[in-house]
Amino acid sequence: MTDDSVIIEKRGAALWITINRPDKRNAINAGVVDGIGRGYRLAHDDAEVRALVLTGAGDKAFCAGADLQATGAAFAADFSKPNVDYADLLRLSQNATKPSIARVNGVCMAGGMGLLCMTDLAVAADTALFGLPEVKVGVFPMQVMSLLQDIAPRRLINEWALTGEPFDAQAALAAGLLNYAVPAAELDAKVDWLLARLADKSPTAIRRGKYAMRAIGAMSFDQAIAYTESQIALLAMTEDAKEGLKAFAEKRKPAWPGR
(Lines give C-alpha, C1' and ligand atoms only; values in the text may rest on other atoms or scores of the structure.)
Protein backbone atom coordinates (compact mmCIF):
# COMPACT_ATOMS: atom_id res chain seq x y z
CA MET A 1 0.00 0.00 0.00
CA THR A 2 1.43 3.40 -0.92
CA ASP A 3 0.59 7.08 -0.99
CA ASP A 4 2.69 10.12 -1.82
CA SER A 5 4.38 10.40 1.57
CA VAL A 6 4.54 6.96 3.19
CA ILE A 7 5.02 3.38 1.99
CA ILE A 8 3.41 0.64 4.11
CA GLU A 9 4.31 -2.97 3.38
CA LYS A 10 4.31 -6.33 5.13
CA ARG A 11 7.59 -8.20 5.12
CA GLY A 12 7.09 -11.52 6.80
CA ALA A 13 5.92 -10.92 10.35
CA ALA A 14 6.82 -7.22 10.28
CA LEU A 15 4.99 -4.18 8.97
CA TRP A 16 7.43 -1.66 7.49
CA ILE A 17 6.49 2.03 7.51
CA THR A 18 8.79 4.07 5.26
CA ILE A 19 8.67 7.86 5.05
CA ASN A 20 8.89 8.35 1.30
CA ARG A 21 10.15 11.91 0.77
CA PRO A 22 13.87 11.40 0.16
CA ASP A 23 14.12 14.61 -1.88
CA LYS A 24 12.93 16.50 1.23
CA ARG A 25 15.15 14.49 3.61
CA ASN A 26 11.95 12.67 4.62
CA ALA A 27 10.63 15.78 6.31
CA ILE A 28 7.32 15.60 8.15
CA ASN A 29 4.18 16.96 6.53
CA ALA A 30 0.51 16.12 7.05
CA GLY A 31 0.76 13.11 4.76
CA VAL A 32 3.66 11.67 6.74
CA VAL A 33 1.84 12.01 10.05
CA ASP A 34 -1.30 10.46 8.58
CA GLY A 35 0.62 7.64 6.89
CA ILE A 36 2.60 6.62 9.97
CA GLY A 37 -0.57 6.63 12.04
CA ARG A 38 -2.32 4.51 9.43
CA GLY A 39 0.55 2.04 9.53
CA TYR A 40 0.34 1.71 13.29
CA ARG A 41 -3.39 1.07 13.13
CA LEU A 42 -3.04 -1.48 10.34
CA ALA A 43 -0.36 -3.33 12.28
CA HIS A 44 -2.50 -3.58 15.36
CA ASP A 45 -5.49 -4.83 13.39
CA ASP A 46 -3.47 -7.60 11.72
CA ALA A 47 -2.79 -10.66 13.90
CA GLU A 48 -0.02 -11.77 11.55
CA VAL A 49 2.02 -8.64 12.24
CA ARG A 50 4.35 -9.14 15.18
CA ALA A 51 6.38 -5.91 15.00
CA LEU A 52 6.68 -2.59 13.18
CA VAL A 53 9.73 -1.01 11.54
CA LEU A 54 9.80 2.76 11.01
CA THR A 55 12.40 4.15 8.60
CA GLY A 56 13.06 6.67 5.86
CA ALA A 57 13.52 6.18 2.13
CA GLY A 58 17.01 6.44 0.67
CA ASP A 59 20.29 6.52 2.54
CA LYS A 60 20.56 10.19 3.51
CA ALA A 61 17.84 10.77 6.09
CA PHE A 62 15.59 8.98 8.53
CA CYS A 63 13.60 12.17 9.09
CA ALA A 64 14.91 15.74 9.15
CA GLY A 65 11.95 17.08 11.14
CA ALA A 66 9.09 19.30 10.03
CA ASP A 67 9.00 20.46 6.41
CA LEU A 68 9.98 24.13 6.66
CA GLN A 69 9.81 24.90 2.94
CA ALA A 70 6.36 26.49 3.23
CA THR A 71 7.15 29.28 5.67
CA GLY A 72 5.04 29.00 8.81
CA ALA A 73 2.99 26.05 7.58
CA ALA A 74 4.95 23.51 9.64
CA PHE A 75 3.82 25.13 12.87
CA ALA A 76 0.41 26.39 11.80
CA ALA A 77 -2.42 25.29 14.07
CA ASP A 78 -6.18 25.25 14.18
CA PHE A 79 -6.67 26.78 17.61
CA SER A 80 -10.21 25.40 17.80
CA LYS A 81 -8.67 21.92 18.14
CA PRO A 82 -7.13 20.99 21.50
CA ASN A 83 -4.89 18.34 19.92
CA VAL A 84 -2.13 18.66 17.31
CA ASP A 85 -1.86 15.85 14.73
CA TYR A 86 1.84 15.18 15.42
CA ALA A 87 1.12 15.00 19.15
CA ASP A 88 -1.73 12.58 18.46
CA LEU A 89 0.72 10.38 16.55
CA LEU A 90 3.03 10.29 19.57
CA ARG A 91 0.03 9.41 21.75
CA LEU A 92 -0.92 6.60 19.38
CA SER A 93 2.59 5.17 19.51
CA GLN A 94 2.68 5.16 23.29
CA ASN A 95 -0.60 3.25 23.50
CA ALA A 96 0.58 0.70 20.93
CA THR A 97 0.96 -2.87 22.18
CA LYS A 98 3.07 -4.28 19.34
CA PRO A 99 6.82 -3.63 19.46
CA SER A 100 8.38 -1.13 17.10
CA ILE A 101 11.91 -0.59 15.78
CA ALA A 102 13.35 2.63 14.38
CA ARG A 103 15.72 1.93 11.48
CA VAL A 104 17.74 5.15 11.44
CA ASN A 105 19.39 5.26 8.05
CA GLY A 106 20.60 8.87 8.10
CA VAL A 107 19.86 12.32 9.47
CA CYS A 108 17.45 12.33 12.44
CA MET A 109 16.59 15.84 13.51
CA ALA A 110 13.88 17.80 15.36
CA GLY A 111 10.52 16.09 14.86
CA GLY A 112 12.43 13.09 13.53
CA MET A 113 13.84 12.72 17.03
CA GLY A 114 10.26 12.40 18.25
CA LEU A 115 9.66 9.58 15.75
CA LEU A 116 12.82 7.89 17.01
CA CYS A 117 11.74 8.25 20.63
CA MET A 118 8.25 6.89 20.00
CA THR A 119 9.61 3.46 19.04
CA ASP A 120 10.60 0.70 21.47
CA LEU A 121 13.97 -0.17 19.94
CA ALA A 122 16.34 1.67 17.62
CA VAL A 123 19.15 0.68 15.29
CA ALA A 124 21.15 3.35 13.46
CA ALA A 125 23.83 3.51 10.82
CA ASP A 126 26.99 4.72 12.53
CA THR A 127 27.08 7.61 10.05
CA ALA A 128 23.68 8.96 11.18
CA LEU A 129 23.50 12.47 12.60
CA PHE A 130 21.10 13.57 15.33
CA GLY A 131 19.95 16.87 16.79
CA LEU A 132 17.32 19.24 18.12
CA PRO A 133 18.00 22.35 16.01
CA GLU A 134 14.64 24.07 16.64
CA VAL A 135 16.17 27.02 18.52
CA LYS A 136 17.99 27.93 15.30
CA VAL A 137 14.64 28.82 13.70
CA GLY A 138 13.04 30.37 16.77
CA VAL A 139 11.04 27.44 18.11
CA PHE A 140 11.68 24.60 20.59
CA PRO A 141 11.31 20.77 20.54
CA MET A 142 8.26 20.94 22.79
CA GLN A 143 6.47 17.71 21.83
CA VAL A 144 9.69 15.74 21.38
CA MET A 145 10.61 16.52 24.99
CA SER A 146 7.56 14.58 26.20
CA LEU A 147 9.21 11.31 25.16
CA LEU A 148 12.88 12.26 25.18
CA GLN A 149 12.89 13.12 28.89
CA ASP A 150 12.30 9.46 29.77
CA ILE A 151 15.13 8.18 27.56
CA ALA A 152 18.18 10.44 27.74
CA PRO A 153 19.98 12.08 30.69
CA ARG A 154 18.73 15.55 31.61
CA ARG A 155 22.10 17.30 31.16
CA LEU A 156 22.42 15.99 27.63
CA ILE A 157 18.85 16.94 26.76
CA ASN A 158 19.56 20.46 28.06
CA GLU A 159 22.61 20.74 25.83
CA TRP A 160 20.88 19.35 22.75
CA ALA A 161 17.75 21.48 23.09
CA LEU A 162 19.38 24.74 24.22
CA THR A 163 22.32 24.79 21.81
CA GLY A 164 20.66 23.10 18.85
CA GLU A 165 23.99 21.53 17.90
CA PRO A 166 24.08 18.10 16.19
CA PHE A 167 25.66 14.95 17.60
CA ASP A 168 26.74 11.64 16.11
CA ALA A 169 25.52 8.07 16.40
CA GLN A 170 28.07 7.11 19.04
CA ALA A 171 26.84 9.96 21.26
CA ALA A 172 23.25 8.87 20.62
CA LEU A 173 24.15 5.30 21.57
CA ALA A 174 25.91 6.40 24.77
CA ALA A 175 22.90 8.56 25.70
CA GLY A 176 20.48 5.64 25.40
CA LEU A 177 18.69 6.84 22.26
CA LEU A 178 19.82 3.73 20.38
CA ASN A 179 20.15 0.03 21.04
CA TYR A 180 22.78 -0.39 18.33
CA ALA A 181 24.89 1.73 15.99
CA VAL A 182 26.30 -0.33 13.13
CA PRO A 183 28.02 0.26 9.78
CA ALA A 184 25.47 1.29 7.17
CA ALA A 185 26.06 -1.92 5.22
CA GLU A 186 24.99 -3.92 8.29
CA LEU A 187 21.89 -1.88 9.18
CA ASP A 188 19.31 -4.16 7.57
CA ALA A 189 20.94 -7.30 8.95
CA LYS A 190 20.80 -5.89 12.48
CA VAL A 191 17.16 -4.88 12.09
CA ASP A 192 16.33 -8.36 10.78
CA TRP A 193 18.21 -9.88 13.73
CA LEU A 194 16.07 -7.88 16.17
CA LEU A 195 12.86 -8.70 14.31
CA ALA A 196 13.63 -12.42 14.46
CA ARG A 197 14.06 -12.18 18.21
CA LEU A 198 10.69 -10.51 18.58
CA ALA A 199 8.76 -12.74 16.19
CA ASP A 200 9.62 -16.02 17.92
CA LYS A 201 8.36 -14.86 21.33
CA SER A 202 4.84 -14.93 22.74
CA PRO A 203 2.75 -12.22 21.06
CA THR A 204 0.37 -12.22 24.01
CA ALA A 205 3.16 -11.75 26.55
CA ILE A 206 4.65 -8.91 24.52
CA ARG A 207 1.35 -7.10 24.04
CA ARG A 208 0.26 -7.43 27.66
CA GLY A 209 3.79 -6.61 28.78
CA LYS A 210 3.91 -3.39 26.77
CA TYR A 211 0.50 -2.44 28.11
CA ALA A 212 1.70 -2.99 31.68
CA MET A 213 4.97 -1.09 31.18
CA ARG A 214 3.00 1.87 29.89
CA ALA A 215 0.61 1.72 32.85
CA ILE A 216 3.26 1.57 35.58
CA GLY A 217 5.31 4.41 34.12
CA ALA A 218 3.36 6.96 36.16
CA MET A 219 2.91 4.80 39.27
CA SER A 220 4.75 4.73 42.57
CA PHE A 221 6.51 1.49 43.49
CA ASP A 222 3.65 0.44 45.78
CA GLN A 223 1.09 1.09 43.04
CA ALA A 224 3.22 -0.62 40.39
CA ILE A 225 3.91 -3.76 42.40
CA ALA A 226 0.22 -4.16 43.27
CA TYR A 227 -0.76 -3.69 39.62
CA THR A 228 1.88 -6.06 38.24
CA GLU A 229 1.18 -8.88 40.69
CA SER A 230 -2.38 -8.98 39.37
CA GLN A 231 -1.16 -8.72 35.77
CA ILE A 232 1.16 -11.73 36.05
CA ALA A 233 -1.74 -13.77 37.43
CA LEU A 234 -3.88 -12.80 34.43
CA LEU A 235 -1.06 -13.49 31.99
CA ALA A 236 -0.55 -16.97 33.43
CA MET A 237 -4.12 -17.83 32.38
CA THR A 238 -3.55 -17.07 28.68
CA GLU A 239 -3.21 -19.75 26.02
CA ASP A 240 0.30 -18.51 25.20
CA ALA A 241 1.44 -19.01 28.80
CA LYS A 242 0.00 -22.53 28.85
CA GLU A 243 1.71 -23.36 25.56
CA GLY A 244 5.01 -21.82 26.67
CA LEU A 245 5.14 -23.85 29.85
CA LYS A 246 4.12 -27.02 28.04
CA ALA A 247 6.76 -26.50 25.34
CA PHE A 248 9.40 -25.88 28.00
CA ALA A 249 8.52 -29.13 29.75
CA GLU A 250 8.55 -31.01 26.43
CA LYS A 251 11.84 -29.39 25.34
CA ARG A 252 10.47 -28.00 22.09
CA LYS A 253 9.81 -24.62 20.51
CA PRO A 254 6.40 -23.13 21.37
CA ALA A 255 3.68 -22.84 18.75
CA TRP A 256 2.16 -19.61 19.97
CA PRO A 257 -1.63 -19.37 19.57
CA GLY A 258 -1.45 -15.62 20.21
CA ARG A 259 -4.22 -15.72 22.79
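Author: Start with a salt bridge: Asp 46 pairs with Lys 10, and their closest N and O atoms are 2.9 Å apart. Keep in mind that this is a predicted model.

Reader: Where do Asp 46 and Lys 10 lie?

Author: Lys 10 is in strand S1 (residues 6–11), while Asp 46 belongs to the loop between helix H1 (30–45) and strand S3 (51–56). The two parts are 36 residues apart in sequence, so the pair ties them together.

Reader: How many salt bridges does the structure hold?

Author: There are 12 salt bridges in the structure.

Reader: Different topic. What domains is the chain divided into?

Author: Domain 1 covers 6–200 and domain 2 covers 203–250. Their centres, taken over C-alpha atoms, are separated by 28 Å. Domain 1 puts 10 residues into the contact and domain 2 puts in 6 residues.

Reader: What area is buried between domain 1 and domain 2?

Author: About 760 Å² is buried there, with 50% of that area given by carbon and sulfur atoms. On the domain 1 side, the residues that lose the most area to domain 2 are Arg 50, Gln 94 and Thr 97. Together these three make up 53% of what that side buries.

Reader: And how many salt bridges are there between domain 1 and domain 2?

Author: The count is 1 salt bridge between the two domains. As for polar contacts, 5 residue pairs make them between domain 1 and domain 2, counting pairs with both residues at pLDDT 80 or more. Sorted by class, the side of domain 1 that touches domain 2 has 3 nonpolar, 4 polar and 3 charged residues.

Reader: What about Lys 210, which residue does it form a salt bridge with?

Author: Lys 210 pairs with Asp 120, and the closest N and O atoms are 2.9 Å apart.

Reader: OK, sheets now. In what order do the 4 strands of the open sheet come?

Author: The order is S4-S6-S8-S9, and the pairing is mixed. Strand S4 (61–63) and strand S9 (167–168) are the edge strands. Each has a single partner strand, so one side of each is left without a neighbour in the sheet.

Reader: What holds strands of a sheet together, in general?

Author: They pair through backbone hydrogen bonds, either parallel or antiparallel.

Reader: Do S6 and S8 run parallel or antiparallel?

Author: Strand S6 (residues 107–109) and strand S8 (residues 129–131) run parallel, joined by 2 bridges. For Met 109, the bridge partner in S8 is Gly 131.

Definitions and conventions: Residues are numbered from 1 along each chain as its sequence is written. This is a predicted model: local features need pLDDT of at least 70, side-chain atom pairs count only at pLDDT 80 or more; totals for chains, interfaces and linings use all residues. Side-chain values use heavy atoms; hydrogens and water are left out. Domain bounds come from an automatic or database domain assignment. Contact means heavy atoms within 4.5 Å. Buried area is the accessible area (1.4 Å probe) that two parts lose on being put together, summed over both. A salt bridge is a side-chain nitrogen of Lys or Arg within 4 Å of a carboxyl oxygen of Asp or Glu. A polar contact is a pair of N or O atoms within 3.5 Å; within protein, one must be able to donate a hydrogen and the other to accept it, and residues adjacent in sequence count only if both atoms are side-chain atoms. Ala, Val, Leu, Ile, Met, Phe, Trp, Tyr, Cys and Pro count as nonpolar, Asp, Glu, Lys and Arg as charged, and the others, Gly among them, as polar. Two strands pair if DSSP finds at least two bridges between them.
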